Amino acid sequence: MTLTQLRALLVIAAAGSFSAAAVQLGMAQPSVSELVKRMEETYGLRLFNRGSRGLVLTPAGEALVPHARRAVEAADAADRALRDLTSLQGGVATFGLLRNANYYFLSRLLERFHSRYPDVRLRVIGLNSVEVAEAVAAGELEAGLVVLPIDAEGLEVTPLRRDDVLFASADPTRTEHPVTIQDLAATDLVLYDAHYGWRDPTRRQLAERAQFAGVSLVPRIEVEHIDSALDLVARGAGDTIVSGAVAAGRNFPSGLHTVAFAEPLYDTIALVQRTGVPLSPATRELARLARRMLLEG
C-alpha cells in the first residue's frame, strides 16, 4: 500500500468517480482505476461499489479512509516542513557564538537574520570557544564562531578575521612600551573565563609562549566575565589582556590603557562546522551573514 494509492482512495471517495478523480490527480483514468484494483487484489476486498450516484465506499473502504487521511496528512506535513527549510520559511538555525560576540557587533547578526527570516527559529548559544567547538563536533550545534586555537578533530575550520590581543592596565607607565611574556609573568594578572582556564584559546597561546620562555603565568584573580575583570583592573587590582574589539568598545573603562605585545599576539576568529556534514539552509544563511559581518567589520 502506497501513499499514491491512499491519496487516490480519498480523492475518489470525495469525487464519486474514477474520471473526476483522474482530473484532480492529473492522471489518466485507467491509472487511477489500477491503483484501487491493486489494493483490492492485495487484500481480497472491494473498496468501492458502483451506485446510482457513482462510486460508493464499501465497509472496507470506509474503514480504510481515516487511516488513509492520517497517512496523507502526515506525509503532506513532512513535505511542508522540508520545503520550509529549503525556502527559509521555517525550521531552526542552531549556532554558537564566542562569548565576547557583542564586541564584534554580532548581536546585530541575530536582529538582521530575524528581520529577513521571521519564520525561522533561532537557537544561538554564547559560550567560550572551547565549548562551542565541542558542541559542534558532538552535533549539538550545526556551526559556530570560535577563537583559535581549538581542538579541531572532526571539524572544518574557516578563519575569518584576526584581532590584536592587547595588554591593559590602569597604570599608564605599564603601557609605555610593548609588553613581553616576561613582563606579563611579573604582573598581577586578572584573567576572565575562569571556568575554562587555560583551555581558553587566548590563554593557550599565552601559556605556550610562557613555556617556551621558561616563565609561569599565575593569575592573581580569575573571574568568569570580562566586564568583571575590566572593573577590577580599573580599580587597580592588577592587569589583564583584551582583544582590540573589546578595547575599542563603548563600555571599555576610560581609565584603562592598552599596549600591544612585543611579539604580536592575535585572536583569530573562525567558523567551524562538522567535516562532511552540510548545514541546514537556515544555519547556512546565518553563517553566511556572520562571515559577511566579520569580514566587513
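What follows goes from the nonpolar cores to the cavity and pockets, and then to the salt bridges.

A quick word on ground rules: this is a predicted model, where local features need pLDDT of at least 70 and side-chain atom pairs count only at pLDDT 80 or more, while totals for chains, interfaces and linings use all residues. Residues are numbered from 1 along each chain as its sequence is written, and side-chain values use heavy atoms, with hydrogens and water left out.

Start with the greasy part. A nonpolar core here is a set of buried Ala, Val, Leu, Ile, Met, Phe, Trp, Tyr and Cys residues joined through side-chain atoms within 4.5 Å; buried means under 20% relative accessible area, exposed means over 50%, and partly exposed is what falls in between, using a 1.4 Å probe and protein chains only. The largest such core has 55 residues, and the ones that touch the most other members are Phe 95, Leu 106, Leu 145, Leu 184 and Val 242. Helix 11 (residues 281–296) gives this core its largest share, seven residues. Helices, by the way, are DSSP runs of H or I with at least four residues, strands are runs of E with at least two, and both are numbered from the N terminus. Another core sits apart from that one, with 20 residues that include Val 11, Leu 35, Val 36 and Met 39.

Now zoom in on Val 242. Contact means heavy atoms within 4.5 Å. Setting aside neighbours within four places in sequence, Val 242 is in contact with Asp 164, Val 165, Leu 166, Ala 168, Tyr 192, Ile 226, Leu 230, Ala 247, Phe 252 and Thr 258.

Next, the empty space. Rolling a probe the size of a water molecule over the atoms shows where empty space is left. On a 1 Å grid over the protein atoms alone, a cavity is a set of points where a 1.4 Å probe fits but cannot get out, while a pocket is an open set with protein on both sides within 12 Å along at least five of seven lines; lining residues have an atom within 4 Å of a point. Grid points are joined across faces, edges and corners, and a volume is the space filled by probe spheres set on the points.

How many cavities of 30 Å³ or more does the count give? The count comes to one, and the largest cavity holds about 280 Å³ of space. Its lining takes in 22 residues, with Asn 100, Tyr 192, Asp 193, Asp 200 and Thr 202 nearest the centre. Helix 8 (201–213) and strand 9 (240–243) each supply at least two of the lining residues. Sorted by class, that lining has 12 nonpolar, five polar and five charged residues. For the sorting, Ala, Val, Leu, Ile, Met, Phe, Trp, Tyr, Cys and Pro count as nonpolar, Asp, Glu, Lys and Arg as charged, and the others, Gly among them, as polar.

The largest pocket has about 280 Å³ of space. Look for Asn 102, Tyr 103, Phe 105, Ser 107, Asp 227, Ala 248, Gly 249, Arg 250 and Asn 251 around it; by class, that lining is three nonpolar, four polar and two charged residues.

The second largest pocket comes to about 150 Å³. Its lining is made of Val 130, Ala 133, Glu 134, Ala 137, Ile 150, Asp 151, Leu 155, Arg 199 and Arg 204, and helix 6 (residues 129–137) gives the most, four residues. Here the classes are five nonpolar, no polar and four charged.

That brings us to the charged pairs. A salt bridge is a side-chain nitrogen of Lys or Arg within 4 Å of a carboxyl oxygen of Asp or Glu, and the whole structure has 11 of them. One joins Glu 134 to Arg 199, with the closest N and O atoms 3.5 Å apart. This pair links distant parts of the chain, 65 residues apart: Glu 134 is in helix 6, and Arg 199 is in the loop between strand 7 (190–191) and helix 8. Glu 134 is partly exposed at 46% relative accessible area, and Arg 199 is partly exposed at 41%.

Another salt bridge pairs Arg 203 with Glu 222, at 2.8 Å from N to O. Arg 203 lies in helix 8 and Glu 222 in strand 8 (residues 221–222), so the pair ties together parts that are 19 residues apart in sequence. Arg 203 is buried, with a relative accessible area of 2%, whereas Glu 222 is partly exposed at 40%.
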